[in-house]
Amino acid sequence: ALNSMERRYGSKDHPFYIFLRGMVKKYTGSRSLFRKICPISETRRRRAEHDEMLMRYFAYSDSYLNFDHRVDEFLESFADQSNHDFPQMEHEFEAMLHYVNKTFPLGFRRAEIDNSVPRIRFEAIAVGVTLALRKNPSLSTTQSLNWLESEEFKKHTRSDASNSKPKVKARIEFVRDQLLKNK
């Protein structure tokens, strides 16, 4: 059976999906920075997991406050919008990648030995970093990341904390606020 991302690609052929396919091609090659700092298993890669992560990143970065509970409906509604600024979206994605690479020694991983990053952790860090960079484009890359080991961050990023509006909002804003607090 097709997963949600595979189904979206098969049924939609409009500007956002064309942009997303180009981003996936550009940023998920075997030597790409994204793949280096956000590894996923080969099985998940073959099932368009990086595509799904990028789509969630763009949707939450733009509209996380509009998220309700149905992820598929939220993502598809976001993709159907006609007001996307693709160059700006790519610029913010690149800025986030470079910031994570410089600031987070393990990238999006929890531990050195992890070979696959959970979506929820990726979303929290990637979108939180993007929101922090919007508020402070010269955000320090040499700050304490002790909060990554805090019980609060773990609570925000465990699997049962996934897809309710308050939980999505809380985990994204937790990362944003920790980064801005440490300047």
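**Entry 1: largest pocket**

I looked up the largest pocket and found it lined by 14 residues, of which H91, A95, M96, L133 and P137 lie nearest its centre. For the term itself I used a 1 Å grid over the protein atoms alone: a pocket is an open set of points where a 1.4 Å probe fits, with protein on both sides within 12 Å along at least five of seven lines, and a lining residue has an atom within 4 Å of a point. The model is a predicted one, in which local features need pLDDT of at least 70 and side-chain atom pairs count only at pLDDT 80 or more, while totals for chains, interfaces and linings use all residues. Residues are numbered from 1 along each chain as its sequence is written, and side-chain values use heavy atoms, with hydrogens and water left out.

I noted that α7 (86-103) and α8 (119-135) are the elements giving two or more residues to the lining of the largest pocket. Helices here are DSSP runs (H or I, at least four residues) numbered from the N terminus. The largest share of this lining, 8 residues, comes from α7. By type, the lining of the largest pocket holds 6 nonpolar, 5 polar and 3 charged residues; Ala, Val, Leu, Ile, Met, Phe, Trp, Tyr, Cys and Pro count as nonpolar, Asp, Glu, Lys and Arg as charged, and the others, Gly among them, as polar. I recorded about 200 Å³ of space in the largest pocket, a volume being the space filled by probe spheres set on grid points joined across faces, edges and corners.

**Entry 2: second largest pocket**

For the second largest pocket I recorded a volume of about 170 Å³. Its lining has 13 residues, with D62, F78, D85, M89 and R134 nearest the centre. Both α5 (49-63) and α7 supply at least two residues of this lining, and the largest share, 4 residues, is from α5. I counted the lining of the second largest pocket as 4 nonpolar, 5 polar and 4 charged residues.

**Entry 3: salt bridges**

I searched the whole structure and found 14 salt bridges, each a side-chain nitrogen of Lys or Arg within 4 Å of a carboxyl oxygen of Asp or Glu.

In helix α10 (residues 165-182), K169 and E173 lie 4 residues apart, about one turn of the helix. Their side chains meet in a salt bridge at 2.8 Å, N to O. I classed accessibility by relative accessible area (buried under 20%, exposed over 50%, partly exposed in between; 1.4 Å probe, protein chains only). On this scale K169 is partly exposed at 32%, whereas E173 is buried at 14%.

In helix α9 (residues 151-157), K154 and E151 lie 3 residues apart, again about one turn of the helix. I found the closest N and O atoms of this salt bridge 4.0 Å apart. K154 is partly exposed at 37%, and E151 is exposed at 61%.

R70 and E73 form a salt bridge at 3.9 Å, N to O; R70 is partly exposed at 48%. I also noted a network of salt bridges linking E52, R56, E123 and R171.

**Entry 4: F108**

I located F108 in the loop between α7 and α8. F108 has a relative accessible area of 0% and is therefore buried. Leaving out residues up to four places away in sequence, I found that F108 touches I37, C38, M96, V100, V117, R121, F122, I125 and A126, where contact means heavy atoms within 4.5 Å. F108 and L97, 11 residues apart in sequence, are 10.0 Å apart in space, C-alpha to C-alpha.
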